[in-house]
Amino acid sequence: MKQGQVHEPTMQYFFRKLEEKNLSAEVVQMKWSPKMDLIALANIQGEVVLHRLQWQRVWLLPVPAEETSKIVTALAWRPDGKVLAVSYESGKVFLCDVENAAILHKMEMGLTVNCMQWINTDDKTNSSNGNVTDTNQDANHQDIFQDNSYTYLPKMAPLPKSYTTTNRGTGTDVHDIKRLQGQERLNVLVVGMASGRVQLYAFGIAPVGHVDLKEYDSVLTPKEMKSVMLSSDLHTLWLMMEQVNNATDESACQGILLSCNSTLLSSRRIEIAQLSAKYGKISSLMEYLNQTVKSMSEAWEDILLEMESKLNKYAESKPTPGTVCDDFLQLLMWGKSCQELQAFLLHELTEKGLKKLGHSVENSYCNIQKLILKNLQSVGQMLLFHLTELKGMSLWYDKYGVLGLSPASVQDAIIALGSFMLKANELLQVIDSSLTSFKAFFRWLYVIMMRLANETVPPAISKMNQKNVNFVADFLTENFTDNPENEGKTSGFTLERVGQYLKKEDLQLVTDVSRNDWYSFIQSSPIMQESPLLYPHQPTKSLIQLHEQLQTAINTALNRPSTIIGQHLQCNSMFKLYNSPKKEDAKRSWPVSQHCVGSSLIYIVMLPQQVPSDSLYIIRQPDQEERSSKIEFLKLCFGTLGDSSLNSSTTSTSPACSQHQVLDACFYDDETLSLLLHEMNSEGENLSILCQLSLSALIRTQLFIKLSSGDVDTMLQKDVVSVDAGIHVTQSRRLENMKAGRFAVSGSRKVSCVVFSNFRRVRIFDMETEDDNEDESSDASVLDTTKEINEEENKENISLTG
């Protein structure tokens, strides 16, 4: 066999082709689900599409309405495959339900998100006393989010469908709005952002640490985070980024690998899991509360403001002396009125308009009343329960206080919740009194208008006792005043008292509580006024204002641990990888794939100078004791694939070694690396090859070059010989009639998705099954057609591929 010729056994039809499909738009991101045969693809239009293995579309997520950018920068699956994280260039991250694309949670990062990684912690967890425990054995594989509070706390009712503010199809499980239940192990979403910021989220929602590289080293000038990886024991955080290499030319960058350690994060995994679970429950309850408050705002109607406007016009045009209130009281007491008032009632308000007004007010107020009684009060009690538990946890300093959980900040959240619930009860009383007064007033006014119109009044509504007369008289005296008494009130008519509670401004009509016996007792007792057990009443604040105060107080209490844990994350080693040319000289961003095997990290790096690349770099930190200061790397090239006759320790710079160029690389499992290679045959045709490389065999060669953090040279650009890794390729397949661009693999699902160079066509492979020869021969009839399609694709994408 000639040197450079592909070894025949490796070119068997490994990797059975399952599907080949066209796409509506170019793919920019793709990620396989770790638990199901599903793949998520993001396109240049900002849409995220979920497909099954047979390419049936499950759902399509358009760009969210509040999102300003259409560029999806990263995708990440929760380890159980039930939630997909999607980040946009604007810095927003959305967590989507895999069942129906409902947005369960959203986070505002403030900076462009460059990369995300969602990792599962290992089974072995270090407890606070230093002993190693098996979390799954201790918990008997129990749900971390399972608790018994739902057995004795009031159940939360689903929000009415006509007022629901949830995203499409979020289901009826109001106790698990964010789909957190069913998780048995702690998992962490790592988000890498521009300017060197990294944020850690337990279960994807609870902030448990952050890193800002500018705070650690003023010399660093981070520009773009290329990759983030957290070890499964939470001890080490690896960051790969580009920084500005030239102060006068920001396009010249330098690649850097940083290693950060956190003893606090790794030694308190049990406590962090419990604290994050509590955060998840409170966050879900707050989401339910937010939806309830928004439903109340939607249920309120401003129709009474229209009546106030009409009364103002009547007061301004009224020629007779006296106030509007005097005219209505005269009508109430003597049954007679001036001609102007009669005309106003018959032609401005009208009988039909009064009916509509009464029905709308009653319907609106009753809906708000139901939301408070059935939804708001129940979620308030559950929030109080979990916040009280959280305060108990914060008092245990050795376990939770050391993480930054503060009793004072939790108590502030409890007080804010109490004030909010007091305001909700006050709103209930206002609604109850307003409904009673409105019913009596509208009933009396309706009878008057029927008599003025010479219509027969039904006996059922014509009777009016002294109690009803007093209701109407008090209503007119309190609400029909020509001159406004409250500052900022443009009108003296105060028919609408409920709507002000649902606005983000101070109350203009403050409820008088001086006649309340309990309030009088509190005011007369200085000791009671200073009691921490009593919630403060804020008479001038609206319900919406107190709701915002509650959100701020809870966020302050729950986010403080992130700051404290972040302070214990220390970057203790830095390795300079390469000097990048100007951005416009590089054909595209350099691809990076990372994988954590136990306590070891393995990075796959390709230099940005050219893609496809003649060489591939493997960087690893193998030993837990030395991984903060030691690093190993190996430069690979690919000559003859699968030729076992070559010595595994032979290095080569011969033409055979550079026969194949690397297009893309992804980890398949702990011991295998999947590669997408480019090959030029003797006829000058560009061929693509999909293959599997044995990492374990490469590691056993012991050819890695060892460096310490003191070696600050650009190690990937050193003059080192290349190791021919083609002999360690175990399986490979030429991709017939296809010019590949990139790919995504899943070792857990044993599948791969290869994208054509125009990024608008994909081919799906089963990585564990061989194709039959019959299947390949049957494809021969369509080769010519496919070849023509590919030729046109190549012409269209010359500008993309360079």
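# Reading strands, rings and loops in a predicted model

Tutor: Nine bridges join strand 17 to strand 18 (residues 253–261), and the two run antiparallel. A strand here is a DSSP run of E with at least two residues, a helix is a run of H or I with at least four, and both are numbered from the N terminus. Two strands pair if DSSP finds at least two bridges between them.

Student: In strand 18, which residue is the bridge partner of Leu-239?

Tutor: The bridge partner of Leu-239 there is Leu-258. Before we continue, note that this is a predicted model, in which local features need pLDDT of at least 70 and side-chain atom pairs count only at pLDDT 80 or more, while totals for chains, interfaces and linings use all residues. Residues are numbered from 1 along each chain as its sequence is written, and side-chain values use heavy atoms, with hydrogens and water left out.

Student: How many bridges pair strand 16 with strand 17?

Tutor: Strands of a sheet pair through backbone hydrogen bonds, either parallel or antiparallel. Strand 16 (residues 222–230) pairs with strand 17 in the antiparallel sense over seven bridges, and Met-229 has Trp-238 of strand 17 as its bridge partner. Five residues lie between the strands of this hairpin, and Leu-234 takes a positive phi near 65° in it.

Student: How many residues of strand 17 are buried?

Tutor: In a regular strand the side chains alternate between the two faces of the sheet. Strand 17 (residues 236–244) has nine of its nine residues buried, where buried means under 20% relative accessible area, exposed over 50% and partly exposed in between (1.4 Å probe, protein chains only).

Student: In what order do the four strands of the open sheet stand?

Tutor: The order is 6-7-8-9, with antiparallel pairing. Strand 6 (72–77) and strand 9 (103–108) are at the edges with a single partner strand each, so one side of each has no neighbour in the sheet. On average, neighbouring strands of this sheet are turned by 20° against each other, direction ignored; the axes are lines fitted to C-alpha atoms, and angles run from 0 to 180 degrees between N-to-C directions. Within the sheet, strand 7 (residues 83–88) and strand 8 (residues 92–97) pair over five bridges, and Ala-85 stands opposite Leu-95 of strand 8.

Student: How many aromatic pairs does a search of the whole structure find?

Tutor: The search finds eight. Rings of Phe, Tyr and Trp (its six-membered ring) pair if their centres lie within 6.5 Å; planes under 30 degrees apart count as stacked, over 60 as edge-to-face and the rest as tilted. The pair of Phe-438 and Phe-442 is stacked, at 5.4 Å centre to centre with 15° between the planes. These two residues are four apart in helix 9 (residues 407–452), and are therefore separated by about one helical turn. Phe-438 is buried at 4% relative accessibility, and Phe-442 is buried with a relative accessible area of 10%. The rings of Phe-441 and Trp-444 are tilted, because their centres are 6.1 Å apart and their planes stand at 45°.

Student: Where in the structure are Phe-441 and Trp-444, and are they buried or exposed?

Tutor: Phe-441 and Trp-444 lie three residues apart in helix 9, about one helical turn. Phe-441 is buried at 0% relative accessibility, and Trp-444 is buried at 7%. The aromatic cluster that holds both of them also includes Phe-328, Tyr-365, Phe-438 and Phe-442.

Student: Which charged end sits over the ring of Trp-396?

Tutor: That of Lys-399 does, 5.2 Å from the ring centre. The rule asks that NZ of Lys or CZ of Arg be within 6 Å of the ring centre and within 35 degrees of the ring normal. Arg-761 likewise lies over the face of Phe-756, at 5.7 Å from the ring centre.

Student: Where is the place of Phe-759?

Tutor: Phe-759 belongs to the loop between strand 31 and strand 32. Its phi is near 60°, a positive value in a residue other than glycine, and Phe-759 is buried at 16% relative accessibility. Asn-758 lies in the loop between strand 31 (751–756) and strand 32 (761–766), and is buried with a relative accessible area of 7%. A polar atom of the Asn-758 side chain lies 3.1 Å from the backbone nitrogen of Arg-760.

Terms used
Polar contact = N/O pair within 3.5 Å; in protein donor to acceptor, adjacent residues only side chain to side chain.
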